[in-house]
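Try each one before reading its solution.

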Amino acid sequence: MDNRWKNASTEFDSHEKAVAALESRGDDRQTFTVGLSLDHLGRRHDEIRGAPGNFPNVVETYRRLADLKRRRAGLVVNVQTVLASFNHGDLPEICAWVSSNFPDIDFHSFELLRPPFPDSSIRPLTAEEYGRALAQLKPYWARFDRYRP
C-alpha cells in the first residue's frame with residue numbers, strides 16, 4: 001500500500017473508506033501517516049474549505065482513526081492547518097479545541113497559504129503576523145513528542 005492518502009477527510013468519499021483502507025494493511029510495522037485538514041472550527045472550517053458538512057466528517061474520521069491507532073501499531077495521525085488571514089487571529093481557539101478534542105494526534109502542523117488564493121479577501125500573513133503566530137504555536141507544539149525546536 002502506498003502513502004498517497006494525505007488527507008483522509010477530503011480525498012476519500014467517506015471516513016469509512018479511509019478507515020477500511022488503513023485496517024487492510026497487512027503489516028503493522030508499516031508506518032502509515034494520515035493528515036486531517038482542519039483550517040478552522042465548525043461552519044467556519046466548512047466555509048473556508050467550500051465543503052458544507054466537512055467539519056463533522058473530520059471529527060468522525062479522527063474518532064475512528066484514534067480508535068484504530070489504539071488497536072494497531074504504525075498509524076500516525078496529524079492535523080494540518082493552513083495559516084492565512086482567515087484564521088491567524090483564532091490560533092489560541094483552534095489549538096485549544098484540537099488539544100481537547102483530538103488528544104491522540106501525533107502532531108499539528110501549520111502551513112502558510114500560497115497563491116493563487118481562491119478568494120480575493122484572503123491574503124498571506126505579513127512577516128509580523130507570521131512572527132506572532134510562531135510565538136503562539138511554539139508553546140503549543142512543545143506538547144508533542146515529535147517537536148524539536
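**Exercise 1.** Which residue in β2 does Phe-32 stand opposite?

*Solution.* A word on the ground rules: this is a predicted model, where local features need pLDDT of at least 70 and side-chain atom pairs count only at pLDDT 80 or more, while totals for chains, interfaces and linings use all residues. Residues are numbered from 1 along each chain as its sequence is written, and side-chain values use heavy atoms, with hydrogens and water left out.

Step 1: helices (H or I, at least four residues) and strands (E, at least two) are DSSP runs, numbered from the N terminus.
Step 2: look across from Phe-32, and you find Leu-75 of β2.
Step 3: β1 and β2 are parallel partners, with six bridges between them; to count as a pair, two strands need at least two bridges in DSSP.

**Exercise 2.** Work out the strand order of the sheet and name its edges.

*Solution.* Step 1: β2 (residues 75–83) also pairs with β3 in the parallel sense, again over six bridges, and Gln-80 sits opposite Ser-109 of β3.
Step 1: that gives an open sheet of three strands, ordered β1-β2-β3, with parallel pairing.
Step 2: β1 (32–37) and β3 (107–112) are the edge strands, each pairing on one side only.
Step 3: neighbouring strands are turned by 30° against each other on average, direction ignored (axes are lines fitted to C-alpha atoms, for helices over the stretch in contact; angles run from 0 to 180 degrees between N-to-C directions).

**Exercise 3.** Is Asn-78 buried or exposed?

*Solution.* Step 1: find Asn-78 in strand β2.
Step 1: its relative accessibility is 16%, so Asn-78 is buried (buried is under 20% relative accessible area, exposed over 50%, partly exposed in between, with a 1.4 Å probe and protein chains only).
Step 2: beyond its neighbours within four places in sequence, Asn-78 has contacts that include Thr-33, Leu-36 and Phe-107 (contact means heavy atoms within 4.5 Å).
Step 3: zoom out to the strand, and eight of the nine residues in β2 are buried.

**Exercise 4.** Describe how α5 and α6 pack.

*Solution.* Step 1: α5 (residues 91–101) and α6 (residues 127–141) have axes 10 Å apart, at an angle of about 20°.
Step 1: the two helices are therefore roughly parallel (the label covers angles under 35 degrees).
Step 2: on the α5 side, the contact includes Leu-91 and Val-98; on the α6 side, Leu-137 and Tyr-140 are among the residues involved.

How values were computed:
Angles under 35 degrees count as roughly parallel, over 145 as roughly antiparallel, 65 to 115 as roughly perpendicular and the rest as oblique.
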